[in-house]
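Take a look at the structure first, and then we can go through it topic by topic.

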Amino acid sequence: MGLGLLASRALRSSRILRSPSNGGPTYFLRTIVSTPELNNADAAAAVQGNPPPPPDLPKRNPVGGARVHFPNPDDAIEVFVDGYPVKIPKGMTVLQACEIAGVDIPRFCYHNRLSIAGNCRMCLVEVEKSPKPVASCAMPALPGMKIKTDTPIAKKAREGVMEFLLMNHPLDCPICDQGGECDLQDQSMAFGSDRGRFTEMKRSVVDKNLGPLVKTVMTRCIQCTRCVRFASEVAGVEDLGMLGRGSGEEIGTYVEKLMTSELSGNVIDICPVGALTSKPFAFKARNWELKGTESIDVTDAVGSNIRIDSRGPEVMRVVPRLNEDINEEWISDKTRFFYDGLKRQRLNDPMIRGADGRFKAVSWRDALAIVAEVMHQIKPEEIVGVAGKLSDAESMMALKDLLNKMGSNNIFCEGNGMHPNADLRSGYIMNTSISGLEKADAFLLVGTQPRVEAAMVNARIHKTVKATHAKVGYVGPAADFNYDHQHLGTGPQTLVEIAEGRHPFSSALKNAKNPVIIVGAGVFDREDKDAVFAAVDTIAKNNNVVRPDWNGLNVLLLNAAQAAALDLGLVPESDKCIDSAKFVYLMGADDVNLDKLPDDAFVVYQGHHGDRGVYRANVILPASAFTEKEGTYENTEGCAQITLPAVPTVGDARDDWKIIRALSEVAGVRLPYDSLGAIRSRIRTVAPNLLEVDERQPATFSTSLRPEVSQKVSSTPFTPAVENFYMTDAITRASKIMAQCSALLKK
């Protein structure tokens, strides 16, 4: 506090008396006010014992509707934010205390999921008895602390920081893709000055090449280091860093290399300015032109929560939605950038293959009539239905009911194998839950590479390993992990050694408090899968993996449709049903092996993309993609979620369940539902857990009820379940952006 300010405060409480004669002395008279009741000792004690009641302040709500969790109520401390008392857990920062008190503090470098850097100085606040403003993001809150966020000193400090930040910042707002959702724009309006005093030349920085996904304009960078901390702490790659010092400081890669992480697109979201933006979305649209639709990602089995931003009939971009239990606020690059595949190679009209082998467009009436006629000419046991990896629960229920009415029970889902064990739900879902992985202290990964199979599950494992130094053992082919792990072996023989206690990693599992075993869904396609699961069950039994308070035995699924298909009982009667099939109904199934299918078999392909399944089809029925329909999907942990239509359907396409319902009527075996509500009532009788939307339904029975298996494990090593992370289904294979990423991956 300046001496002039102190003097003025002293003068305020004084009166000045001057002598009437010129040059006479000047007297300062200070007024002293006494409180008579304090002259009496008893009265003074009474006043001190009963302090005046606190001012009646209106109740404030935390910023963003946050809830405060007190791990130990005894550790709660009270601080005062602008005179408002607020209780917070011990260890919180001043900035977090202000948020709980309903005061939003400006910040650039602080992010609640990253470590504290404290280098932007935008969050300065005044704290009583502190000689100067403090950085609220880095200062721990102490009991009784009086925090002032709206004083002239705090405002002046923020204005000064903002002036320094804008000193070298280019005036790119009219051509910057961050415009309209830029923290720097918002905060310069709210906390900045109305003019700058800098008249020198602004510095400029050379742009970096981070790959086909992230566009860089590094002159806009304000050195908040959020991207550096994200790459290191969340993505687990040391690709980005700070180079130089002073005015020559800049973000970049240490050597000329691309950003290789499967989560690299998240730096676009956390960058507070326009330095890192989406390369495919560059100059396509302004954010206020877009309509946002809350939906679910279906490119893997995690079910990440997303917002689909569209303009008219086109999906313009995909961004993450907050869901603490599944994807927190991150999404994988495949989820974020596959959307351009939604407008390429689409099927618009029903088509029939003519005698010359070419397809010709026909009406829905003609296409359905031909399919119904052929279905009635085939024996029931020779009719097979295959659900694709992007199928929703409603369409799989309809397909199963249709085939059952035709007398066939040969229906299965891609990725589940020909003989899945669907009896025990705990045998095919992630029993620990995705968020529950953070409590684990030892991991055994069996035939799974989470980094390419489920990037958000891998991010949780990385977070746990980084926080608790949990041990990770991996059984499978050589793989690239972004955390410390032990490669125990390549085949199931290693599992037998661990089960018998002969392997060194057995002691790590034995000593772990909350051990976790994750089995990859690629095991479903193995001949010896029952023996592999029996070995895993033995390991679980010997190491206390499954207890009343903890279930660490998990299966990590690959596709969005797998869990719901097994819940609905899509299990074929015969392992060899494809070999003898005369009629095959492919509902978006492109990766099913049809090599052994008889040449005279009639194939119907119902889907939204002209992908692999089309080449063998006799009839094509165009369906709507997940961005164009409402459907229920169950993720790998058993949580049912719903997609909502963001854009209109393409051409003459229809929803999957509606096509099957229309076909049933033409075929004379009418299904008893005409709406989504009616079909969900039917699902309630088969798998009621699929109607508990956004709620994870744990399995009731454990895998210990499995029957004994006499089969021996084979010596065949595990194989990768995903060959190419960027191309796993019909939509991603049609995407130009994913093709560019895939080409770089192979270099």
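Among contacts (heavy atoms within 4.5 Å) between residues at least 6 apart in sequence, 68% join residues at least 24 apart. This is a predicted model, in which local features need pLDDT of at least 70 and side-chain atom pairs count only at pLDDT 80 or more, while totals for chains, interfaces and linings use all residues. Residues are numbered from 1 along each chain as its sequence is written, and side-chain values use heavy atoms, with hydrogens and water left out.

**Overall layout**
- The protein has 20 helices and 30 strands, taken as DSSP runs numbered from the N terminus (helices: H or I, at least four residues; strands: E, at least two).
- Along the principal axes, the C-alpha atoms fill a box of roughly 125 × 60 × 55 Å.
- Of the 747 residues, 54% count as buried, meaning under 20% relative accessible area, with exposed over 50% and partly exposed in between (1.4 Å probe, protein chains only).

**Nonpolar cores**
- A nonpolar core is a set of buried Ala, Val, Leu, Ile, Met, Phe, Trp, Tyr and Cys residues joined through side-chain atoms within 4.5 Å.
- The largest one holds 115 residues, and Val79, Ile88, Phe230, Phe443, Val457, Ile461 and Ile518 touch the most other members.
- Beyond its neighbours within four places in sequence, Ile518 is in contact with residues including Met430, Phe443, Ile461, Asn554 and Leu556.
- A second, separate core of 49 residues includes Ile352, Met375, Leu399 and Ala687.

**Second largest pocket**
- Its volume is about 1,500 Å³, the space filled by probe spheres set on grid points joined across faces, edges and corners.
- A pocket here is an open set of points on a 1 Å grid over the protein atoms alone, where a 1.4 Å probe fits, with protein on both sides within 12 Å along at least five of seven lines; lining residues have an atom within 4 Å of a point.
- Of the 46 lining residues, Gly415, Gly417, Asp525, Asp591 and Asn593 are the closest to the centre.
- β18 (411–413), α11 (450–453) and α15 (529–542) each supply at least two residues of this lining.

**An exposed loop residue**
- Arg502 lies in the loop between α13 (493–499) and α14 (505–511).
- Arg502 is exposed, with a relative accessible area of 54%.
- Leaving aside neighbours within four places in sequence, Arg502 is in contact with Val496 and Glu497.
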